[in-house]
Amino acid sequence: MTLLEFARGPALQVSLIVLVLGVVWRLVGLLLLPYKKDLSEARPGRSALGGAAYTIVRRLWPHREFQHRVLFTYVMGYVFHLGLAVVVFGFIPHILFIRNLTGLSWPGLPNWAVYLAGSVTIAALVAILVRRLTHDVLRLLSTPDDYFSWFVTILPLVTGFLTAAHFGALYQTLLAVHLLTVELLFLWLPFGKLMHAFLFVFSRGFTGARAAHKGVQT
Amino acid sequence: MDEPQRLGDFLLRRGISRRAFMKFCTAMASAMAMPPSFAKSMAKNLESAKRESVIYLSFQECTGCAESLTRSHSPTLETLIFDFISLDYQDTLMAAAGRAAERAKEEAIKRAGPGGYLVVVDGSVPLGAGGAYSASGGKTSLQILGDTIENAAAVICVGTCSSFGGIPYADPNPTDARSVSQLMEAGKVPSKPVINVSGCPPIPVVIAGTLAHYLTFGRIPELDHLNRPKPFFGETIHDRCYRRPYYEEGKFAQAFDDEGARSGWCLYELGCKGPITYNACATTKWNGGTSFPVESGHGCLGCSEPGFWDGGSFYKPLSAGMLGDPGTLGAAAAAGAAVGAGAAWAHRRRNARAKEEG
């Protein structure tokens, strides 16, 4: 079995099994945790559900009061999340990968647009890391999870670029390494901070619902 | 009367014109990406070169490789190579048969002496059932190969079967087929320099060019990590494909007969293995430079690569996974739900117990 066959076959199968099992495990485990009832009377205003929906949407941009502190994080966060989305869902070989897995397909983007988005994404990820390393408070708050999650996110982008450019090794080796780095991301996603891809809705919603009950603005 | 051993004399006697000879040298130099001036020195070297004795062994194969080189509609430049070598044994082409043919081979080996001849191997060698799947003259292919290459200067594996096992080697490999290199690595036959001219079949000009290189320089050409001559296997089909610009533009044919396919769009989505296949099809082309598979509208199968038959579907894009049973993901989701529910239940039990205790 060649490295590419390994990456396209058993390694992909195992990483997808771990991804699905891990994500469902964590979601079901969290959602079935005992919920402590709030016995106080709800304040007038939004319902719990309304508060949840409001917070999920409202947190998409910063509050004016904190804007000067968090603007960089928001802007860079948007740049690399949107860039990542363009790369993952716009590049035709990626769409073919998803189609093979799920049967879903959509039109792709020209390669130049994907390369541009990929470059910007990598630059944004580097900027975010530099800020984490140089910001006194952020550095103290950072854990190995933050750095490893950053690493497994940027790695497929870098290997993807090398693969597209046929740079540094044989194409099949580069493609295999790229797939293996994506599989590393799949393996890590349920167990680290990358799980926010699924949990952000629940954490924001829960906070919003609680705050609405108390009549607090979020 | 004995045939002259110097190539120049031999060609003269055969009535091969200087023009045809120079044409061959130019074609070979161009195929090997050598400068045009190289054709002159190639011609000079070839003229004074000795006609190399070549023993061509056919094992577990379909004869497609020999057909590729010999069955052209009209004599081609590639077939001129048969005038440059002394093909002393080729069981499909030679007039002799049976013991006479075997005797011819033994005499040629004896005449050439140690290191004085080349062995071309076509087909894989089966080890299963004691080698009974492929035997001739009471000897297994393994014995024939071992005996023949013992004193050879080098072994040229023509085709993917002898180079990497090919179709006989495909899972489940019922005959326990092996490539020549695998047999050498396992110590089952003597180790010799190996040149793999892979392809199913290999391109005629690549076979001829490899032989011409050896005859010109007296040594084997520079090889890649799979022992293939770099001048022909240095780039992928994708690198030199005329449809490549459409890959860059993100224009892919969706079906073999759609408008995109007819307009020359990239066949990646239809399973083309060009990006991982090293061969010269896109540059030298086939049938006298007429076209190559991708130009004819079909994706590359990757036939010059090891294990091409087992590399997933020919019609599945390279970026698609080779997943087994998709039901395993459903089972993983069910298992995840069970583990998550179990964890939450354990947490509730712990809370309840803590409440009871105090």
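Predicted model: local features only at pLDDT ≥ 70, side-chain atom pairs only at ≥ 80, totals over all residues.
Me: How is the overall extent of chain B to be read, as a compact globule or as more spread out?

Reply: For the 358 residues of chain B the rule gives 21 Å, and the radius of gyration is 27 Å, well over that, so chain B is more spread out than a compact globule. Along the principal axes, the C-alpha atoms of chain B fill a box of roughly 110 × 50 × 35 Å. The box for the C-alpha atoms of chain A is roughly 65 × 40 × 35 Å.

Me: What do the contacts say about sequence separation?

Reply: Take the contacts between residues at least 6 apart in sequence, and ask what part of them joins residues at least 24 apart. That part is 71% in chain B and 72% in chain A.

Me: Which elements of chain B touch chain A?

Reply: Count the residues on each side, then assign them to elements. Here 35 residues of chain B are in contact with 36 residues of chain A. On the chain B side, α13 (244-249) and α16 (327-357) are the elements that give two or more residues. The largest share, 15 residues, comes from α16(B). By class, this side of chain B has 17 nonpolar, 13 polar and five charged residues.

Me: How do I read a helix pair, for instance α3(A) and α10(A)?

Reply: Read the angle, the axis distance and the handedness, then the residues that meet. Helix α3 (residues 48-58) and helix α10 (residues 196-214) of chain A pack at about 130°, with axes 7 Å apart. They are therefore oblique to each other, and the crossing is right-handed. From α3(A), the residues in the contact include G50(A), G51(A) and Y54(A), and among those they meet in α10(A) are R204(A), G205(A) and G208(A). The residues of this contact divide into eight nonpolar, seven polar and one charged.

Me: At what angle do α2(B) and α3(B) cross?

Reply: The axes of α2 (residues 18-31) and α3 (residues 38-48) of chain B cross at roughly 120° and come within 8 Å. That makes α2(B) oblique to α3(B), and this crossing is right-handed. F21(B), M22(B), C25(B), T26(B), M28(B) and A29(B) of α2(B) meet F38(B), A39(B), M42(B), A43(B) and L46(B) of α3(B). The contact has ten nonpolar residues, one polar and no charged ones.

Me: What should I look at in the backbone, and where are the cis peptide bonds?

Reply: Omega is the angle to check for a cis bond. One cis bond joins D171(B) and P172(B), with omega about 10°; P172(B) is in the loop between α9 (166-169) and β8 (177-178). Another runs from C200(B) to P201(B), with omega near 0°.

Me: Is C200(B) buried or exposed?

Reply: C200(B) has 22 C-beta neighbours inside 10 Å and so counts as buried. Its place is in the loop between β9 (194-197) and α11 (204-217) of chain B. Leaving out residues up to four places away in sequence, C200(B) touches G159(B), T160(B), G166(B) and C303(B).

Me: Which residues have a positive phi without being a glycine?

Reply: Two cases can be named. T63(B) has a phi of about 70° and lies in the loop between β1 (52-58) and α4 (64-70). With 15 other C-beta atoms within 10 Å, T63(B) is partly exposed. D176(B) has a phi of about 55° and lies in the loop between α9 and β8 of chain B. D176(B) has 16 C-beta neighbours inside 10 Å and also counts as partly exposed.

Note on methods
Residues numbered from 1 in each chain as written. Chains lettered and ligands numbered in written order. Axes fitted to C-alpha atoms, helices over the stretch in contact; angles between N-to-C directions. Helix = DSSP H or I, 4+ residues; strand = E, 2+ residues; numbered from the N terminus. Parallel < 35°, antiparallel > 145°, perpendicular 65-115°, else oblique. Left-handed = near helix turned anticlockwise from the far one by under 90°. Contact = placed C-beta atoms within 7 Å. Nonpolar A, V, L, I, M, F, W, Y, C, P; charged D, E, K, R; others polar. Rg over C-alpha atoms; globule rule 2.2 N^0.38 Å. Buried ≥ 20, exposed ≤ 12 C-beta atoms within 10 Å, placed from the backbone.
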